[in-house]
Amino acid sequence: MTTNSQESPSQKPTGIRFRMMFFTMCVAFFMYNDRACLAQFSTEVKRDLGLSPGQWDWVLSAFFWSYALAQVPAGLLGVRLGFTRTLGMLLILWSFFTAVSGMAAGFAALLAARLAIGVTEAGAYPNSAAIIRNWFPVASRGRANSIVALGGRLGWACSQFVTPLLMVLFISIILGLGNSTETANKYGWRLVMIFFGLIGIIWGFFYLRLAKDHPTEHPASNAAEAALVGPSTKLSQDPFPWKTILSSYSMWIYGFIQFAINVGWVFLITKLPQMLDELFRVSAAQRGVYSALPAMVSVLGLFLGGITTDYVGKRMGVRWGRSLPLAFVLFLASLAYLGAYWWIGSLIPLMIMLCIVSLSSDLGNPPLWAFSQDVGGKFAGAALGWGNMWGNLGAAVSPVALGLLWSKTITHNGWNLIMLACAISYALAGISALFLNANHKLIADPPMKAR
């Protein structure tokens, strides 16, 4: 460990924390790109591997189940091994399985690869939360969290635009080498997955070399930056306080909020393209553009969400600085879904409402992250993992639950019921957010020593 303890803490702090924030944001970029890119190859994969529609649905859903159930264990792994070390290793592993999915010979192999990607990606946000906690003071954690989450949204948006272009490029190269069209179509999507995997593996080794858990461990960070951030979240061999978390009403509320948000939010990445096809008969190109709009708009929410929770927190304390901004944006998302219910038959007003849903959801992400860091202490990563676990269980349940509301005959009424259900889900999350209390820590701060 390198510590520049001789320096005066009154000098100007170095800016290594912003470099760490950027590195971690890039990890989030790869995470979302690798989880979302496969959906672009629906036709190609089903044709190449001979998958039925039902098998393809299982491939897409497998990620959410393993991702949800591995959240808490993956968060604890960082506590044991170190947060940056764990995050770098996980990036290498999920990138490897992304490449492996491009080599799958059948349904079982592809399903196993997607399950493996879910398990290894599960530790990304819990360990990222702990890293931000170790590098940023309380007053600026909301904004730092929003930048990291921004990387994920950029990865999602990029996967929608770049993935098809890369497939066309690889197909052209294969054809240019004198191969048949059948061969080019067979290997085009595979080469894209392998390419994404290799890029992620390279970045993973880069991250392992340059990222550290705390300013006191980084040779380029000075004592003033360490003093600004505060003491490190020490690595602990203590078991996760299950009894404490299971008896904490705030953590159960936190989990329910995440569950309810994702029941409504996942509509945007699962059912929206189908609704555009069925109600408006848009072309494939138009469907891609409209489906990507919520991802693009959400970027603004991540920026403003961090600023808002930090601003309110400075003036009203962390109790209301986390709770009030979160409740407000969740109620806004609920109202936007009610607007979508009203304008279900008009494309442009409907898309505006759904973009407001996406914007509102990501306005709420920074205070949710900050809440887990506030209450979790040295278990901040595992606390976030608890919330993410429930959130992704909501994501896994959402398509099934919303499908029960959808009539076999595609009508406005069927989609209206889905819009109404999503509005209710967000409203319940907003009401619950009013009861969050970031002052109720899982592990109480040690008492101040008498001077």
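This is a chat about a predicted model of one protein chain.

Biologist: What kind of model is this, and how are the residues numbered?
Modeller: The model is predicted, so local features need pLDDT of at least 70 and side-chain atom pairs count only at pLDDT 80 or more, while totals for chains, interfaces and linings use all residues. Residues are numbered from 1 along each chain as its sequence is written, and side-chain values use heavy atoms, with hydrogens and water left out.

Biologist: What is the mean pLDDT of the chain?
Modeller: The mean is 81, and 88% of the residues reach 70 or more. pLDDT is the predictor's confidence in each residue, from 0 to 100.

Biologist: Where does pLDDT stay under 50?
Modeller: One such stretch is residues 1-9, for which the model has 14 contacts beyond four places in sequence. Contact means heavy atoms within 4.5 Å.

Biologist: Salt bridges next. How many are there in the whole structure?
Modeller: The search finds 4. A salt bridge is a side-chain nitrogen of Lys or Arg within 4 Å of a carboxyl oxygen of Asp or Glu.

Biologist: Which residue does Arg35 pair with?
Modeller: Arg35 forms a salt bridge with Glu121, and the closest N and O atoms are 3.2 Å apart. Arg35 is in helix 1 (residues 16-36) and Glu121 in helix 6 (residues 107-121), so the pair ties together parts 86 residues apart in sequence. Helices are DSSP runs (H or I, at least four residues), numbered from the N terminus.

Biologist: Are those two buried or exposed?
Modeller: Arg35 is buried, at 13% relative accessible area, and Glu121 is buried at 0%. Buried means under 20% relative accessible area, exposed over 50%, and partly exposed in between (1.4 Å probe, protein chains only).

Biologist: What else does Arg35 do with its neighbours, say Tyr32?
Modeller: Arg35 lies over the face of Tyr32, 4.2 Å from the ring centre. A charge sits over a ring if NZ of Lys or CZ of Arg is within 6 Å of the ring centre and within 35 degrees of the ring normal. The charged end of Lys186 likewise sits over the ring of Tyr187, 5.9 Å from its centre.

Biologist: Which residues are linked with Lys186 in a network of salt bridges?
Modeller: Asp48 and Arg190 are linked with Lys186 in that network. Asp48 and Arg190 form a salt bridge with their closest N and O atoms 3.0 Å apart. That pair links distant parts of the chain, with Asp48 in helix 2 (residues 42-49) and Arg190 in helix 9 (residues 181-210), 142 residues apart. Asp48 and Arg190 are both buried.

Biologist: And what does Arg153 meet in a salt bridge?
Modeller: Arg153 meets Asp362, at 2.6 Å from N to O. Arg153 is in helix 8 (residues 141-176) and Asp362 in helix 16 (residues 347-363), which puts them 209 residues apart. Both are buried.

Biologist: Changing topic: how many aromatic pairs are there?
Modeller: The search finds 20 in the whole structure. One of them is Trp203 with Phe206, a tilted pair at 4.8 Å centre to centre and 35° between the planes. Rings of Phe, Tyr and Trp (its six-membered ring) pair if their centres lie within 6.5 Å; planes under 30 degrees apart count as stacked, over 60 as edge-to-face and the rest as tilted.

Biologist: Where do Trp203 and Phe206 lie?
Modeller: Both lie in helix 9, 3 residues apart, about one turn of the helix. Trp203 is buried at 17%, whereas Phe206 is partly exposed at 34%. Ring pairs also link these two with Phe22, Phe23, Phe29 and Phe30 into a cluster.

Biologist: Last one, helix 14. Which of its residues are buried?
Modeller: In helix 14 (residues 272-280), Leu272, Met275, Leu276, Leu279 and Phe280 are buried. Seen down the axis, these buried residues fall within an arc of 100°, so they line one face of the helix. The arc is that of the directions from the helix axis to the C-beta atoms.

Biologist: What comes just after helix 14?
Modeller: Arg281 does, with a positive phi of about 50°.

How values were computed
Helices (H or I, at least four residues) and strands (E, at least two) are DSSP runs, numbered from the N terminus.
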